[in-house]
Amino acid sequence: MDTILSSRLTEVATFVPKGSKLLDVGSDHAYLPIALIQSGHISSAIAGEVVQGPYDSAVKNVAKYGLSDQIDVRLANGLAAFEVTDGVNAITICGMGGRLIADILEAGKEKLAQVERLILQPNNREDDLRTWLMANEFTIVAEKIMTENDKSYEILVAEHGKEVLTKTELRFGKHLLTEKSETFVAKWVREIEKLEVALSQIPENNDSDRSALFQKIEIIKEVLNGSGK
Ligand code: SAM
């Protein structure tokens, strides 16, 4: 994939099916559709952006790379960037909070019937996004955890289909739990450390808050030790 992409977006790009008609929501600089077209992975895309500044930057970059015929940059909120007649069959939504991604999907969900694959990269609240996907009959077909600049990122790939995830799977990710990569373990060890600092700051007499935090820590430890469900 072209070098204009960060390693995070390079990883996202690997999940875009070859030949897709892609909508990239919150495209900002439009680097993802630009790189995918430059590499011949896809031949056309829509780059959606709701804020004028990033929209202008997407238009400028698309023109700079000579791709204005292949990438349609649209100033629009979320899934309002496409119509069913556009034939979009893959959507990427990256670099935003998990709740915002779920809200974007919820607001346009009637248009998702023809979309075969969602490639989502939440910066946080992955559990909220998995909960939305499960409630809306999407099944998570792949997950990836990676780090860039000392921050870990999760990528969720979803397609139509029912699945029932446990509370633990919603929080930690079904595929990530199975794989239990070094990056996954490091993320949750860091989370334990943060919670332990928070626990140490709660007064000894505040039993309810202390026990809630203690339980959170125990759940993560159980998952890391392979005994969590
Ligand atoms: N997707 C790129 C990436 O992952 O590097 C850019 C991420 S940037 C942090 C988030 C972008 O999403 C911003 O440009 C923001 O304006 C845009 N955005 C936020 N909410 C949006 C919405 N509802 N519809 C379209 N774009 C949105």
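Trainee: Let's start with Asp150. Where does it sit?
Mentor: Asp150 is in the loop between strand 6 and strand 7. Strands here are DSSP runs of E with at least two residues, helices are runs of H or I with at least four residues, and both are numbered from the N terminus. Before we go on: this is a predicted model, where local features need pLDDT of at least 70, side-chain atom pairs count only at pLDDT 80 or more, and totals for chains, interfaces and linings use all residues. Residues are numbered from 1 along each chain as its sequence is written, and side-chain values use heavy atoms, with hydrogens and water left out.

Trainee: Is Asp150 buried or exposed?
Mentor: Asp150 counts as exposed, at 76% relative accessibility. The cut-offs are under 20% relative accessible area for buried, over 50% for exposed, and partly exposed in between, using a 1.4 Å probe and protein chains only.

Trainee: And what's its phi?
Mentor: Asp150 has a positive phi of about 65°, although it is not a glycine. Most residues other than glycine have a negative phi.

Trainee: What about Asn149?
Mentor: Asn149 has a positive phi too, near 50°, and is also not a glycine. Asn149 is in the loop between strand 6 (138-148) and strand 7, and with a relative accessible area of 72% it is exposed.

Trainee: Switching topic: how many salt bridges are there?
Mentor: The count comes to 16 salt bridges. The rule is a side-chain nitrogen of Lys or Arg within 4 Å of a carboxyl oxygen of Asp or Glu.

Trainee: Which residue does Glu154 pair with?
Mentor: Glu154 forms a salt bridge with Arg130, and their closest N and O atoms are 2.7 Å apart. Glu154 lies in strand 7 (residues 151-160) and Arg130 in helix 5, so the pair ties together parts that are 24 residues apart in sequence. Both Glu154 and Arg130 are buried.

Trainee: Which residues are joined into one network with them?
Mentor: Salt bridges with shared partners join Glu126, Arg130, Glu143, Glu154 and Lys187 into one network.

Trainee: How do Glu126 and Lys187 meet?
Mentor: Their side chains meet in a salt bridge, 3.8 Å from N to O. Glu126 is in helix 5 (residues 126-135) and Lys187 in helix 8 (residues 182-200), 61 residues apart, so this pair links distant parts of the chain. Glu126 counts as buried at 10% relative accessibility, and Lys187 is buried with a relative accessible area of 15%.

Trainee: What does Lys109 pair with?
Mentor: Lys109 meets Glu106 in a salt bridge between side chains, 3.2 Å from N to O. Lys109 counts as partly exposed at 37% relative accessibility, and Glu106 counts as partly exposed at 36%.
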